[in-house]
Every structure is written in structure tokens, then in C-alpha cells.
Amino acid sequence: MLYRKLGNTGLDVSVLGFGGWGIGGNDWKGGSDEESLKSIAQAMELGINFYDSALGYGGGHSEMLIGKAVKGKQDKFIITSKIPPKNYTWPQVPGTPIKEAYPKEWIIECTEKSLKNYNLDYIDLQQFHVWLNEWTDESEWQEAVEILKRDGKIRFMGASVNFPYTAADNGVPSVKKLDTLQVVHNIYQQEAENDIFVAAKEFNTGIIARCPLDEGALSGKITPEIILPEESFIGNYFRGDRKKEVYEHNKAMNWLMEEGYAENLAEAAIRYCLSFTVVSSVIVGMRSSKHTITNCAAAAKGALPAAVLARLKAHAWDHNYWL
């Protein structure tokens, strides 16, 4: 496993991070706690030390599983969480008052709930689960973070920025105030490279790339014929003609495998994100130990050649299946 500095925090994080959404169990179907714990154990064995979760993932179930796995050895791992906005709105609408989304008391209350779920004394990196640029200088959240740090309940603070991006919520102004920013970044969604990556590099703010496989669109497994559980997140994400659209866009990148740059599309997708040195870690959902092994093998190969990155620019695709 390769490691990089997480911005100015001084923490060394594995370039591949364990994404905890899928093991929460509410939005993703077909998993089991037994397999989730096996996958976490496999990740630890292969050198993954960065575990990303959120209070909203299965109502805290994801945090409980990760907490169980790291019990008695927290100092060997970097544990994160995210605070849901009190108005439970994704993405946040520009003009929303900070007290509607993140009042001071809510920030502290949610952090304490996550600590209880994890059964840990502190969280290495707490994050806002959604963010607007206009909140950057608000005292409401800064006072709460100061209290949490003072009381030893968190070490660092970051935010997961709105998606899809606009100039009002790209996270750029916040590189001066937050320790990390989590952004959607993959072959199809390359927007972050034009603004937040540039700003974060200037201020050495930690960047965490999420959705490197575009919720499975870049896994190489989506075909027009595939049957997905309609009641799950993934069934809704690839509803209607979307499976055919994804299949056609993926097929256009067969040259990656034909010319020997990657064994499969998922490998290329993970390595694409790792090719940007401003990115500290790329978080991937790993609900099975099998996926953990293959994802770690992909990350171990490191960055793609510069010529390949240049060619992949033509494959950017602003499809926004989130809405």
C-alpha cells in the first residue's frame, strides 16, 4: 500500500480509503455484516489505514461495524465521520442559513452520537456531509469545532462539498479554513481538477476523492441486460436507459485494456484519481473482501501515464445521475 500526507494534518493516509456507505445497509442491498467485517479485516491486512463513514450511513450502523473492527487499536488507523445537515437536504441550496443546516448544538450532538456508535474516544477527521462556500467564515460552525477539538473529541475538521458543483459550492474558499475537502472525482466527473484541486494545492489542504467508480458506472460491470435491485440506491441510480448509456460510454474506453494500460476499467478508474498528487486518498466502497483485494491491487500500480490522462480528458461526461 502507498501512503500520502493528508494535507497539513501531518497524518499519513493510505492512497486507497475504505468507503463505509455500502456497509451501512440501508441504501445498498445484498450485503451482510459478516462479509463487511471480513472486508474491513482484509483491508487492514493489506495496509488500508483510512476508514471513511458517516452518521447517516445506516443510521450509524456503518460506524458501529468499523468501530468493532478497530477496537483496541485505534492508534493504527485514521477514522472519519460526517455530520448530516439538520435540514437533511442534499445538495444544499445556496442562500441556506448555516443555522438551518449546521447549528452549533447539532454539530456537537451528531459528533457525540458518532463517538458512541464507534465506541471510541475521538474521531480523527470529522466532516460536514454537505457544504456551501458561503458558510466558510461563519462563526456558528467554527465555535462548535473549537469546542470539539478542545475537548479531544475530534482532531481535524473537513467537509464533503456539494455535487453537482457550481461556483457557489465548489469548496474553493474553504481551503483556508478546513483541514480537508471531500469531492466527487472520476474519469467522467473531472470538474474538481479545474478549481478545488488548484486551490487545495496552493494551501496544502487535504483532498479526499469520492465516487472514483461513479457508483459502479466505471466498474465495467454495467450492461443493458444487467438486473439491479430496484429498491436499492444502485437500482435507482441506473434506472431507465442509463444502463445502456453507461455501457456505451464505457465501451469507448476499451482502448485502455486493448493497449495494455489497465487490466480492467475499474483499475483504470482508481488509478486515474491517484494520478493527481493533490489527492491524498481515494475512497472506494468495499462490501466484500474480494473487492478489497482487487481494489488494493489496482492502487498498488499507482498513477496512469501522462499520455493516458491526456486522452481520458475526452471521456469526461456530465451526466449527473444523482438528481
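Mentor: One term before we start: angles under 35 degrees count as roughly parallel, over 145 as roughly antiparallel, 65 to 115 as roughly perpendicular and the rest as oblique. Also, this is a predicted model, where local features need pLDDT of at least 70, side-chain atom pairs count only at pLDDT 80 or more, and totals for chains, interfaces and linings use all residues. Residues are numbered from 1 along each chain as its sequence is written, and side-chain values use heavy atoms, with hydrogens and water left out.

Trainee: Okay. How do helix 1 and helix 11 cross, and at what angle?
Mentor: The axes of helix 1 (residues 33-45) and helix 11 (residues 289-300) come within 8 Å and cross at roughly 25 degrees. Helix 1 and helix 11 are therefore roughly parallel. Helices (H or I, at least four residues) and strands (E, at least two) are DSSP runs, numbered from the N terminus. Axes are lines fitted to C-alpha atoms, for helices over the stretch in contact, and angles run from 0 to 180 degrees between N-to-C directions.

Trainee: Which residues make that contact?
Mentor: From helix 1 there are Glu35, Lys38, Ser39, Gln42 and Ala43, and from helix 11 Ser289, Thr292 and Ile293. Contact means heavy atoms within 4.5 Å. By class, that's two nonpolar, four polar and two charged residues. Here Ala, Val, Leu, Ile, Met, Phe, Trp, Tyr, Cys and Pro count as nonpolar, Asp, Glu, Lys and Arg as charged, and the others, Gly among them, as polar.

Trainee: Is serine 289 buried or exposed?
Mentor: Serine 289 has a relative accessible area of 16%, so serine 289 is buried. Buried means under 20% relative accessible area, exposed over 50%, partly exposed in between (1.4 Å probe, protein chains only). Not counting residues up to four places away in sequence, serine 289 touches Glu35, Lys38, Ser39 and Gln42.

Trainee: And what's the angle between helix 1 and helix 2?
Mentor: Helix 1 and helix 2 (residues 61-70) pack at about 50 degrees, with their axes 10 Å apart. That makes helix 1 oblique to helix 2. On the helix 1 side, Asp33, Ser36, Leu37, Ile40 and Met44 meet His61, Leu65, Ile66, Lys68, Ala69 and Val70 of helix 2. Those residues divide into seven nonpolar, two polar and two charged.

Trainee: Switching topic: which residues of helix 6 are buried?
Mentor: In helix 6 (residues 196-203), they are Ile196, Phe197, Ala199 and Ala200. They cover an arc of only 165 degrees around the axis, which puts them on the same side of helix 6. That arc is taken from the directions from the helix axis to the C-beta atoms.

Trainee: What do they pack against?
Mentor: The buried residues of helix 6 pack against strand 8 (180-184), strand 9 (206-210) and strand 10 (279-285). The face turned away from the buried side carries the exposed residues Val198, Lys201 and Glu202. After helix 6 comes asparagine 204, whose phi is positive, near 55 degrees.

Trainee: Where does tyrosine 261 lie?
Mentor: Tyrosine 261 sits in the loop between helix 9 (255-258) and helix 10 (265-274). At 28% relative accessibility, tyrosine 261 counts as partly exposed. Leaving aside neighbours within four places in sequence, tyrosine 261 is in contact with residues including Trp255, Arg271 and Pro305.
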